[in-house]
Amino acid sequence: MTGFSGRGFRVRDDVFPTGLLLSPTAAWAWDDAPVVEALTRAALGDLLDVQPRPEFLLLGTGARLAQPSRQFVRDLEAMDIGVEAMDSRAAARAWGVLRAEERWIVAALLPL
């Protein structure tokens, strides 16, 4: 389950204060997360390399909703991966619901 503690994102007993990358099988710190407007495919590291390819990237944009660049969205759409942006609290909640439905998604959550 993903949520927030007072110190950052919480996944089971681990806390990720700097940001979080999630796949259906792993969670890891996103220590070098850029601001939303500067987000690139490369900034996600290996996140999009899961198999099968994820349906979409759930993008948590921090304390408030911010839109990633159109180029970033086009780059992911060229890989047949959609982008759903929302504030990071909403994204953390959505992650739990969508994974409970067994949706094959990935998430990149920026800190608040």
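## Salt bridges

Arg103 has 28% relative accessibility, so Arg103 counts as partly exposed. This model is predicted. Arg103 pairs with Glu55 in a salt bridge, with the closest N and O atoms 2.7 Å apart. The pair links distant parts of the chain, 48 residues apart. Glu55 sits in the loop between β5 (27-29) and β6, and Arg103 in the loop between α2 and β8. Glu55 is also partly exposed, at 37% relative accessibility.

The count comes to three salt bridges. Another joins Asp49 to Arg41, with closest N and O atoms 3.1 Å apart. Asp49 is partly exposed at 44%, and Arg41 is partly exposed at 22%. Glu77 bridges to Arg70 at 3.5 Å between the closest N and O atoms. Glu77 has 40% relative accessibility; Arg70 has 48%. Each of these two values counts as partly exposed.

## Nonpolar cores

The largest nonpolar core holds 20 residues. Leu44, Leu57 and Ala108 touch the most other members. β6 (56-60), α1 (70-77) and β8 (106-109) each supply at least two residues. α1 gives the most, with three. Contacts of Leu57 include Leu44, Phe72, Leu76, Ile81, Val106 and Ala108.

## Helix α2

Helix α2 covers residues 88-100. Its 13 residues should span 18 Å at 1.5 Å a residue, and the end C-alpha atoms are 18 Å apart, so the two agree. Its buried residues are Ser88, Ala90, Ala91, Ala92, Ala94, Trp95 and Leu98.

Asp87 caps the N-terminal end of α2. A side-chain oxygen of Asp87 lies 3.1 Å from the backbone nitrogen of Arg89. Glu102 follows α2 and has a positive phi, near 60°.

Technical notes. Residues are numbered from 1 along each chain as its sequence is written. This is a predicted model: local features need pLDDT of at least 70, side-chain atom pairs count only at pLDDT 80 or more; totals for chains, interfaces and linings use all residues. Side-chain values use heavy atoms; hydrogens and water are left out. A nonpolar core is a set of buried Ala, Val, Leu, Ile, Met, Phe, Trp, Tyr and Cys residues joined through side-chain atoms within 4.5 Å. Buried means under 20% relative accessible area, exposed over 50%, partly exposed in between (1.4 Å probe, protein chains only). Helices (H or I, at least four residues) and strands (E, at least two) are DSSP runs, numbered from the N terminus. Contact means heavy atoms within 4.5 Å. The expected span of a helix is 1.5 Å times one less than its number of residues. A polar contact is a pair of N or O atoms within 3.5 Å; within protein, one must be able to donate a hydrogen and the other to accept it, and residues adjacent in sequence count only if both atoms are side-chain atoms. A salt bridge is a side-chain nitrogen of Lys or Arg within 4 Å of a carboxyl oxygen of Asp or Glu. Lists of a residue's contacts leave out its neighbours within four places in sequence.
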